[in-house]
Amino acid sequence: MCGSSTSRTVYIICPVPQGSVLGQCLFILYAADLVDIVTKHVNFHAFADDTQLYVHCRRDQMTSAARRLEHCITDVGSWMSASRLKLNTDKRELLWAWSRFSHAPLGNLGSSLQLGIDTVTASDHVRVLGVTFSCDL
């Protein structure tokens, strides 16, 4: 739609080639609703089709932060199913991070997330776009 003019609907019956300029534009349009869903729950960073969700909280807020993440991922999964996309559960990672100057290690506190029937266990490090982050930053 441009101003008051609307173009005709065209149904795409074949996939868009990976790496094409049109593919990137279509992906952004297709995934635009994801921003609204995620920002109701948590903060996020996205790079192409790679998304990191994060919550900043104090130690006494970890249970509610974990619940917010669980609700967010559930809502994202529902949106993806409705949009005929698949959430890659093999790539989910969880990192509880703290400053080594202000907190002692968390131990088992907040060690996992329950996502439906799946449990995501916290790791002591994760890789984000080739950079490794440790739990003590």
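## An exposed isoleucine and its patch

Isoleucine 12 counts as exposed because its relative accessibility is 58%; exposed means over 50% relative accessible area, buried under 20%, and partly exposed in between, with a 1.4 Å probe and protein chains only. This residue is found in the segment before α1 (21-39). Helices (H or I, at least four residues) and strands (E, at least two) are DSSP runs, numbered from the N terminus.

Together with Val16 and Leu22, Ile12 makes a nonpolar surface patch of about 270 Å². Such patches consist of residues with over 30% relative accessible area and no salt bridge, nonpolar side chains being joined within 5 Å. Accessible areas come from the Shrake-Rupley method with a 1.4 Å probe.

## Basis of the model

The model is predicted: local features need pLDDT of at least 70 and side-chain atom pairs count only at pLDDT 80 or more, while totals for chains, interfaces and linings use all residues. Residues are numbered from 1 along each chain as its sequence is written, and side-chain values use heavy atoms, with hydrogens and water left out.

## The second largest pocket

The second largest pocket has a volume of about 460 Å³. Of its 15 lining residues, Gln18, Gly19, Gly23, Gln24 and Phe27 are the closest to the centre. A pocket is an open set of points on a 1 Å grid where a 1.4 Å probe fits, with protein on both sides within 12 Å along at least five of seven lines; lining residues have an atom within 4 Å of a point. The volume is the space filled by probe spheres set on the points.

The lining comprises nine nonpolar residues, five polar and one charged. In this division, Gly counts as polar.

## Two residues with positive phi

Arginine 84, although not a glycine, has a positive phi of about 60 degrees. It lies in the loop between α2 (62-82) and β3 (94-95) and is exposed, at 77% relative accessibility.

Leucine 129 also has a positive phi, near 50 degrees. Its place is in the loop between β6 (125-128) and β7 (131-134), and its relative accessibility of 53% makes it exposed.

## Salt bridges

The whole structure holds two salt bridges, each defined by a side-chain nitrogen of Lys or Arg within 4 Å of a carboxyl oxygen of Asp or Glu. One joins arginine 58 and aspartate 60 at 3.3 Å, N to O; aspartate 60 is exposed, at 62%.

Arginine 92 pairs with aspartate 118, their closest N and O atoms being 3.0 Å apart. This pair links distant parts of the chain, 26 residues apart: arginine 92 is in the loop between α2 and β3, aspartate 118 in strand β5 (residues 118-123). Arginine 92 is partly exposed at 22%, as is aspartate 118 at 32%.

Technical notes:
Patch = residues over 30% accessible without salt bridge, like charges linked within 9 Å, V, L, I, M, F, W, Y side chains within 5 Å.
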